[in-house]
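Please keep the viewer open and look up each place as you read.

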Amino acid sequence: MRGAAVAAFVAALMLMEGAGSAAVAAPASGWSEAAAAAGETRTAPVEERPCPVTVPAGTTCGYLLVPERRDVPNSRTIKVGYAVHRAGGEAPGQARGQATVQAPGQAPGQAGAQDADPVVYMSGGPGSASLPLTGLLTRMLPGRDVVVLEQRGGRYSEPRLSCPEIVEGIVDTLRTPGPTVDETAAVVRRAGACQSRLESEHVDLRGYRTAEIAADIVDLRAALGYRRWYLFGVSYSTRPMLRAAALDPEGSRGVVLDSLLPPRARWYDESPGSLMATMAKLGLTTRFDAAVAALNAHPAAYDTRDPLTRKRLTVWLNGDDVATLLAEALHETDVIPIVPALVDGLAGGRTELLQPLVDQAGDGLTSHEWGLYYAVQCQDETPGNSFPGSARPRLFTGVVDAAVCGAWGLPASRTEPDALTPDPAVTAVGADATIAGRSAVADTRTRGTTGARTTGDTATANATTANAAARATATRDAATRDAATRGRAAGSTTTGGRAVAASGVPILALGGRYDPTTPPEAAREAVSAVPGARFTEFDGVGHGVFLSSECGRRTIAAFLADPASATRPCDPGAAPYPMVRPGDLLLTSSVYRMLRSPVPLAIPAAFLLVAAVQLLVGLVSLLRRRGGGLSALAGLAGVVLGALSALSLSAVADPVALSIGVPPALAWLGLLAVVCTVLSVIEAFRLTAGAARIVPALTGMAFVAWLYGWLLA
């Protein structure tokens, strides 16, 4: 008995020691390597919470609890926000507003959902919010569960990596007319303040990168109990979705990639060329070059509002700034048609036409969580770019991002396998790449090289060669452990340091013809050699196809219903709006100014009112045989002018076009106002005319002056 007791005690100690060691080594998600070796599915815990945004009925919200860094034992736990809209309503016995959590491996149908595979969606950015799109997605995809996942560090996750300091720094660079590359000191200073603040809040920025975001997606599927689902990403989030598909091939029913950012793209170095290629599609190369050159020589001032304080401020934009602004504007489908007329006007010196885009740019500065944005970009994107100073136009985004990443000094991520490139060479790159990128930016003013791409490749190759030994030594062990962990999590194998992911997952990629940020040509090339992948290009569309194209939404829904079918539910070659070419509009910013302040509308409103009264009084006088013919004709001319002007304006297919011009017909219709005014003057100065007859004459003259001297000027 004594021997048995001693043996049991020793065994218990061994078990306790083993459990303690496992607790130290296991990720915070609760999934251990021993469990993985036994073939068990890792399951991260979830926590219910009220939905922070308006969502459709049948939607519950929660947090996925995951480690901040999966490569660090006992890393602190963070919360990643998500929402689940269940097509079948609440789970049996589940009260509305509570989070429904299924056991691992439980079929979705057991939780009240239907047979159709669910969809998980994430917005792009990095750093854009996802939850506000829950309603659109559920309307777009009725009959199936829709899961919307925030990015870790995003607006509806904890911690939230906002960086208003960086926004302040960006605004400061725009207060003066100098080139941005010479004014990044303010951005660098504010970026350093943000980094220090986040670190004081115990945020480890190294945990906010694509590989971790992809692992969150995989963990959420297990936590919600879905056997498999479709992955839906747009812009940046196409990368973590592709990575998640490689990590979790058995759980990936298919992948939708809207505005695909190819995993191996050198985005910053390629952006200027992509913008120029888009301008060439629009037939604007010469006029665009002229506009950028003119504004670089003579920057333009614009009065707008500070995106943080909403106070009035004046910003100065040079040609490179305007090029960046136009690149962002091409994201919007209703802005694309006016770009030809807008660029032509800018080249002709009509810089005031840019005011609508300047005002909208402020919202863009507050739409991202910039701490998350730069954590991802500095680790995953900037290290692979050389930022050649000879590239033109010199886009504001590249200059600022290079400066911030140089200041933050985060280590570069290594290459990861994904569903498009399942067997890449695993290359370890360290902080030296970030430093090299910063040096490349600093040297751009002194390098007089030509051939931007050749220069960039050479600089990158030299930096890689010089630091290869140091990087390999610094990251070999971490890369080996990380690759092994990821391989077990994904159910894949590793051979010679090369991760091999399962293939054959159906992939649908969508791209907008006029998207300079993620050009359709690059997306088409990226998916062309992948079995089960296909690409569809949408004419007249920019960035984020499903957000602005009904045909894009229908195409996605059709793919989810039957990934094997190549039948198109609509014509992607039908542009939503016709192009507005130079000469199609009389360029003017007056309509937009009236939208900002409707006071100038008082003059045409008074003219139309007086014309209507004049017509009515004239007709009554004619019926009583008391004259009134001139008054009736004058009033009729004014009323007809109003009606025809309204028809002309309503015929404009894209209402956004009115922000930069009006139909040329208005200039000819204005002749009716001249006729009305002349007749009113004649009537007013007749010997028998009353004093009130002077009112139509005065309002007519005021309207003619307003029309030709202000609206059409």
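1. A first overview. The protein chain has 24 helices and 15 strands; helices (H or I, at least four residues) and strands (E, at least two) are DSSP runs, numbered from the N terminus. You are looking at a predicted model, in which local features need pLDDT of at least 70, side-chain atom pairs count only at pLDDT 80 or more, and totals for chains, interfaces and linings use all residues. Residues are numbered from 1 along each chain as its sequence is written, and side-chain values use heavy atoms, with hydrogens and water left out.

2. Of the 713 residues in the protein chain, 52% are buried (under 20% relative accessible area, with exposed over 50% and partly exposed in between; 1.4 Å probe, protein chains only). Contact here means heavy atoms within 4.5 Å. Among contacts between residues at least 6 apart in sequence, 75% join residues at least 24 apart.

3. The cores. Which residues have the most contacts inside the largest nonpolar core? They are L354, Y374 and W408, in a core of 133 residues. A nonpolar core is a set of buried Ala, Val, Leu, Ile, Met, Phe, Trp, Tyr and Cys residues joined through side-chain atoms within 4.5 Å. Leaving aside neighbours within four places in sequence, L354 is in contact with Y302, L317, V322, L325, L326, L342 and L346. A second, separate core has 27 residues, including M140, V256, L508 and C570.

4. A helix pair. The axes of α4 (residues 164–173) and α5 (residues 185–200) come within 8 Å and cross at roughly 175°. Axes are lines fitted to C-alpha atoms, for helices over the stretch in contact, and angles run from 0 to 180 degrees between N-to-C directions. The two helices are therefore roughly antiparallel (over 145 degrees; under 35 is roughly parallel, 65 to 115 roughly perpendicular and the rest oblique). Among the residues that meet are I166 and I170 in α4, and V187 and R190 in α5. The residues of this contact divide into 8 nonpolar, 2 polar and 5 charged. Here Ala, Val, Leu, Ile, Met, Phe, Trp, Tyr, Cys and Pro count as nonpolar, Asp, Glu, Lys and Arg as charged, and the others, Gly among them, as polar.

5. Helix α23. The 20 residues of α23 (residues 665–684) should span 28 Å at 1.5 Å a residue, and the end C-alpha atoms are 29 Å apart, which agrees. The expected span is 1.5 Å times one less than the number of residues. Buried positions in α23 include L666, L669, A673 and C676. The buried residues of α23 pack against α21 (602–623), α22 (629–650), β15 (661–662) and α24 (694–711).

6. Backbone details worth a look. Most residues other than glycine have a negative phi, and most peptide bonds are trans. The peptide bond from G125 to P126 is cis, with omega near 0°, and P126 lies in the loop between β4 (119–122) and α3 (134–140). Another cis bond, also with omega near 0°, runs from E158 to P159; P159 sits in the loop between β5 (146–149) and α4.

7. S259 is not a glycine, yet has a positive phi of about 60°. Is S259 buried or exposed? Its relative accessible area is 0%, so S259 is buried. F387 has a positive phi of about 50° and, at 10% relative accessibility, counts as buried. The loop between α13 (370–381) and α14 (396–408) holds F387.
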